[in-house]
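Visitor: I've never looked at this one before. Could you walk me through it and tell me how you know what you say?

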Amino acid sequence: MKKKVIILGSGIAATTVAFFLQDKCDVTIVTKGALSDNNSALAQGGVAAAVGPNDTAQAHYEDTLTAGAQLNDPDASQILVNEGAEIIRELIKMGVPFDRLGDGSIDYGMEGAHHHPRILHAGGDQTGKYVLEFLQRKLSSKVKIEANTTAVEIFPEDNKAKILVIANKQFRTIEADFLVIATGGIGQLFPVTSNDKTITGDGIALAKRAGAELADMEFIQFHPTLLNKPGSSLLISEAVRGDGARLVNKSGEYFMADVHPDKDLAPRFVVAREITNQFLKGEEVFLDISTVQNFRARFPYISRSLDKAWIDSTLIPVKPGAHFFMGGVKTDLNARTTLGNIYAVGEVARTGVHGANRLASNSLLEGLVFARRAAQDIIARPQKDENYQTEKQEPTIYKQNLPTLEELKNRAWESIGIIRRPEKIREFLAWLEEFDDSVPNANRIDFEISNLILISKEIARAALARPVSIGAHYIEEEND
Ligand SMILES: Cc1cc2nc3c(=O)[nH]c(=O)nc-3n(C[C@H](O)[C@H](O)[C@H](O)COP(=O)(O)OP(=O)(O)OC[C@H]3O[C@@H](n4cnc5c(N)ncnc54)[C@H](O)[C@@H]3O)c2cc1C
């Protein structure tokens, strides 16, 4: 009998695990929304890999550790850059349509904190969608897909895993030899975010309730340039600044010139913080794209989205927003969590490759590399031949005292957002302690709120435990 593997999520990490397991295991993908509802499909800039002329994995490694303030796990980071280059070469051979120059060579882009043009992109600014759909097309019909199905609780057991899911208002327990959590990050904890609506930290909360270790919870990356228009979450990729766009304030001042030697391409936390400072001074901030050559051809998705938002100027109003989570479920080099048969891959996992701050375009790469490792590890592990003891798990339905999602988001933004103050974080934590998040709620909205409360508590505690600013964690000293 083939090993049974359940994969939660439908992004790059989940799809890559399924791709590498499909011939050897009985694979089911369980995902909260449609197959296209994920952050991977939104990734614009590209995927970083040292495969171009004169580039080396060592140079990519050094940029990764510099961006991460040297808090990265060195072994995991070496794996990322070395195996990452290998996988990208394979994807090129398999025919992923990365953008090319007139002479047929790959068009390598530049992004912040990289010291070499090593960003492969596809469809201009639609890299995630192109790579994801390419891999999804490679999944055989043997891979079962359960869309619009949400995992609400996991039960690690000796040699297997049980997962409680809900679909069409019906709860069901699924059992498997192995469970792979690939549910992405936590963007929807904040009122301003680039993330898909389904990204509410579920996998991290489920794993924590089941007893898994979390790590690096204080490190959240805020992206400096989201379109500043009510109701919009459009990201204006860093690749636009890589192609020459500049940040200016409403007085026309090129303010990044004096803030960091890399100016507009300084690390994201530096740029996001400076934009926040500009807002605090009563300024507005714009991305001036007048200097970008062939903007519409190079960035077709962003151009179309700006058209839809009625932005027809070369000065695009921007603001920072929550973007990427460096922390998450702690994993080893084979993507195993601290719970027996449960793996975590992609943004939900804390592999250690990002340290205190992710280098741009390293996350699609992380998803590919550690998803393949998880698949290889699952294939190599022995299968226990005992029959499943099906013991139905019942959902916990009870009335929880919870805040509204809006209130939670606003408080999170003020306390554990771009600029943090210890007294604000303590106040936030005291407020959070009023709410019980120990059991997942059976109501969809309450389920997500209670997951985000659990995660907020972890972030607040981790932020207080690190009273000194480093990487994306910026904390003002007591009595500043
Ligand atoms: C706008 C944007 C642009 C980006 N640009 C880049 C870029 O250029 N380069 C780069 O490297 N990175 C980029 N990133 C980051 C990158 O896209 C993500 O880190 C990466 O795609 C995460 O992949 P993943 O597979 O781990 O998670 P995701 O792609 O986010 O997928 C998570 C999946 O889990 C599902 N899910 C969630 N909860 C549950 C549940 N309870 N039960 C079942 N399913 C669940 C979700 O619906 C989703 O399908 C960008 C991110 C955004 C938002």
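Guide: What follows is a short tour of a predicted model, with the reasoning behind each label.

Visitor: Which residues of H3 and H10 make the contact?

Guide: On the H3 side they include Ala 76, Ile 79, Leu 80 and Glu 83, and on the H10 side they include Leu 365, Val 369, Phe 370 and Arg 373. The residues of this contact of H3 with H10 divide into 10 nonpolar, 1 polar and 6 charged.

Visitor: And why are H5 and H13 called roughly perpendicular?

Guide: Helix H5 (residues 202-209) and helix H13 (residues 444-465) pack at an angle of about 75°, with their axes 9 Å apart. The range for the label is 65 to 115 degrees, so H5 and H13 are roughly perpendicular to each other too. Among the residues that meet are Ile 204, Leu 206 and Arg 209 in H5, with Phe 447, Leu 454 and Glu 458 in H13. That contact of H5 with H13 splits into 6 nonpolar, 2 polar and 5 charged residues.

Visitor: What do the buried residues of H2 pack against?

Guide: They pack against strand E3 (47-48), H3 and H10. The buried residues of H2 (residues 57-67) are Ala 57, His 60, Tyr 61, Asp 63, Thr 64, Leu 65 and Ala 67. After H2 comes Ala 69, with a positive phi near 55°.

Visitor: On to strands. How do you know that E6 is largely enclosed?

Guide: Of the 8 residues of E6 (residues 150-157), 6 are buried, so the strand is largely enclosed by the rest of the structure.

Visitor: What joins E6 to E7?

Guide: There are 7 bridges between E6 and E7 (residues 160-167), and the two run antiparallel. Two strands pair if there are at least two bridges between them, so E6 and E7 qualify with their 7. E6 and E7 form a hairpin with 2 residues between them, and Asn 159 in the turn has a positive phi of about 65°.

Visitor: Where is the open sheet, and in what order do its strands come?

Guide: It has 4 strands in the order E11-E14-E13-E12, with antiparallel pairing.

Visitor: What makes E11 and E12 the edge strands?

Guide: Strand E11 (220-227) and strand E12 (246-249) each pair on one side only. The twist averages 45° from one strand to the next. E11 is joined to E14 (residues 315-325) by 6 bridges, and Ile 220 stands opposite Phe 325 in E14.

Visitor: Now single residues. Why is Asn 148 called exposed?

Guide: Its relative accessible area is 53%, and exposed means over 50%, so Asn 148 is exposed. Asn 148 is in the loop between strand E5 (144-146) and E6, and its phi is positive, near 50°.

Visitor: And why does Lys 263 count as partly exposed?

Guide: Lys 263 has 36% relative accessibility. Buried means under 20% and exposed over 50%, so at 36% Lys 263 falls in between, as partly exposed. Lys 263 sits in the loop between E12 and helix H7 (268-280), with a positive phi of about 45° although it is not a glycine.

Visitor: Last stop, aromatic rings. How many pairs are there?

Guide: The count comes to 8 aromatic pairs. In one of them, the ring centres of Phe 190 and Trp 413 are 6.1 Å apart and the planes stand at 70°. Rings pair within 6.5 Å, and planes over 60 degrees apart count as edge-to-face, so this pair is edge-to-face.

Visitor: What does the pair of Phe 190 and Trp 413 tie together?

Guide: Phe 190 lies in the loop between strand E9 (178-181) and H5, and Trp 413 in helix H11 (residues 405-416), so the pair ties together parts that are 223 residues apart in sequence. Phe 190 counts as buried at 0% relative accessibility, while Trp 413 is partly exposed at 26%. Phe 222 and Trp 413 also form an edge-to-face pair, 5.9 Å centre to centre with 75° between the planes. Phe 190, Phe 222 and Trp 413 form one aromatic cluster.

Note on methods
Residues numbered from 1 in each chain as written. Predicted model: local features only at pLDDT ≥ 70, side-chain atom pairs only at ≥ 80, totals over all residues. Heavy atoms only, no water. Axes fitted to C-alpha atoms, helices over the stretch in contact; angles between N-to-C directions. Buried < 20%, exposed > 50% of the residue type's maximum accessible area, 1.4 Å probe, protein only. Contact = heavy atoms within 4.5 Å. Nonpolar A, V, L, I, M, F, W, Y, C, P; charged D, E, K, R; others polar. Parallel < 35°, antiparallel > 145°, perpendicular 65-115°, else oblique. Phe/Tyr/Trp six-rings, centres within 6.5 Å; stacked < 30°, edge-to-face > 60°.
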